[in-house]
Amino acid sequence: MSNKINRLLLTGAAGGLGKVLRPRLAPLANKLRLSDVANLGDAGPNEELMPCDLGDFDAMLTLLDGVDSVVHLGGMSIDGAFEPILNANIRGVYNLYEAARLKGTKRILFASSNHVVGFHKQSERLDADALLRPDGNYGISKVFGEAASRFYFDRYGIETVCMRIGSSYPKPIDRRMMSTWLSFDDLTNLVTCALHAPEVGHTIVYGASDNTPSWWDNSKAAHLGWTPKDSSEPFRAEMEASAVHLPADDLAMQYQGGGFVKLGPFPHK
Ligand code: NAI
Ligand code: 15L
């Protein structure tokens with residue numbers, strides 16, 4: 001029996017991680033539906049392109065039609081003015097879950113962020129129950145997403161895996177990223193495990209490779225069956241030689257959110 005998902009929706013498909021995951025998710029589903037406000041290019045053999053603004057409820061209702069599971073990457077991915085974050089990350093997440101409820105979608109993988117806990121010190125080790133300490137408008141919007149997904153599981157049984165992604169890039173480029181780096185292969189395996197695990201309920205998982213030092217304890221997400229295989233360590237010498245090193249008392253060196261803790265205040269729009 002095939003465990004292929006019938007229709008899988010990938011939002012934010014034109015973004016950095018969306019482009020990485022697009023070809024890697026295609027084999028997991030009979031139909032991969034791709035959405036973004038930015039250009040998605042041409043549809044591949046089992047792809048459906050449905051451009052849409054996350055802030056547009058009617059469009060989101062159409063987008064979720066016939067969708068079994070969602071990998072939700074779409075939205076503002078850095079800190080900034082409140083209005084764009086409100087539209088894409090707060091209204092967008094509400095629209096996603098309301099549309100999922102109305103259309104019967106069963107599972108959502110929500111791209112949360114380490115910035116929901118950015119104001120914890122780098123000396124701390126956090127698990128899924130850590131106090132939420134967002135480090136800006138962006139982190140606050142991801143806290144909203146985690147809370148909304150919790151509500152939609154408790155009230156309506158829509159399962160969610162909140163992936164508190166660290167820094168998912170080709171390689172770590174500063175000392176902080178030696179702890180926060182998530183390789184693209186480990187990201188792909190995390191998404192695959194979170195889609196395939198028999199039951200996920202409402203799970204919080206930190207998205208980092210098997211790095212040293214490690215700030216995050218994923219023991220409460222063991223049921224996902226995900227074990228990261230890569231490590232930032234092989235990049236250490238290259239990173240030390242090329243990175244701009246900040247003094248140890250710089251706030252970006254003290255807090256898990258790095259430079260995000262120093263940003264703002266931002267204009268309203
Ligand atoms: P990205 O900024 O490259 O991609 C986000 C995509 O969302 C873009 O293609 C953008 O056009 C789309 N988008 C923005 N506003 C939209 C709207 N109103 N309606 C529809 N689409 C909209 O970000 P990236 O790096 O690919 O990250 C993907 C997700 O993972 C984001 O939600 C981000 O917050 C999260 N994340 C990423 C991390 C990383 O290291 N790359 C770390 C932590 C979280
Ligand atoms: C994030 O949440 C951002 O989306 C990404 O651009 C990086 O800045 C990352 O966190 C990080 O903390 O390195």
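This is a predicted model: local features need pLDDT of at least 70, side-chain atom pairs count only at pLDDT 80 or more; totals for chains, interfaces and linings use all residues.
Residues are numbered from 1 along each chain as its sequence is written, and chains are lettered from A and ligands numbered from 1 in the order in which they are written. Local features need pLDDT of at least 70 and side-chain atom pairs count only at pLDDT 80 or more, while totals for chains, interfaces and linings use all residues; side-chain values use heavy atoms, with hydrogens and water left out.

Ligand 1 sits in the largest pocket. A pocket is an open set of points on a 1 Å grid over the protein atoms alone, where a 1.4 Å probe fits, with protein on both sides within 12 Å along at least five of seven lines. A molecule sits in it if more than half of its atoms lie within 2 Å of its grid points. Helix 1 (16-25), helix 3 (82-103), strand 5 (107-113) and helix 4 (137-156) each give two or more residues to the shell around ligand 1. Helices (H or I, at least four residues) and strands (E, at least two) are DSSP runs, numbered from the N terminus. Strand 5 gives the largest share, 3 residues.

The shell around ligand 1 holds 28 residues, each with a heavy atom within 4 Å of the ligand. L17, D36, S77, Y138 and S168 come nearest. By class, 13 are nonpolar, 12 polar and 3 charged. Here Ala, Val, Leu, Ile, Met, Phe, Trp, Tyr, Cys and Pro count as nonpolar, Asp, Glu, Lys and Arg as charged, and the others, Gly among them, as polar.

Polar contacts to ligand 1 (pairs of N or O atoms within 3.5 Å) involve oxygen atoms of the ligand. The side chain of D36 provides one at 2.6 Å. The side chain of S77 provides another at 2.7 Å. For L73, a backbone N or O atom lies at 2.8 Å. Taken alone, ligand 1 exposes 820 Å², of which the protein buries 86% (Shrake-Rupley method, 1.4 Å probe).

Ligand 2 also sits in the largest pocket. Its shell comprises S77, I78, S113, N114, H115, Y138, G166, S167, Y169, R176 and F260. These divide into 4 nonpolar, 6 polar and 1 charged. Side-chain polar atoms approach ligand oxygen atoms at 2.7 Å from S113, 3.0 Å from N114 and 2.6 Å from Y138. Ligand 2 alone exposes 320 Å², and the protein buries 84% of that.

The whole structure has 15 salt bridges (a side-chain nitrogen of Lys or Arg within 4 Å of a carboxyl oxygen of Asp or Glu). One of them pairs E48 with R7 at 3.0 Å, N to O. This pair links distant parts of the chain. E48 belongs to strand 3 (residues 47-49) and R7 to strand 1 (residues 5-11), 41 residues apart.

Conventions
A polar contact is a pair of N or O atoms within 3.5 Å; within protein, one must be able to donate a hydrogen and the other to accept it, and residues adjacent in sequence count only if both atoms are side-chain atoms. On a 1 Å grid over the protein atoms alone, a cavity is a set of points where a 1.4 Å probe fits but cannot get out, and a pocket is an open set with protein on both sides within 12 Å along at least five of seven lines; lining residues have an atom within 4 Å of a point.
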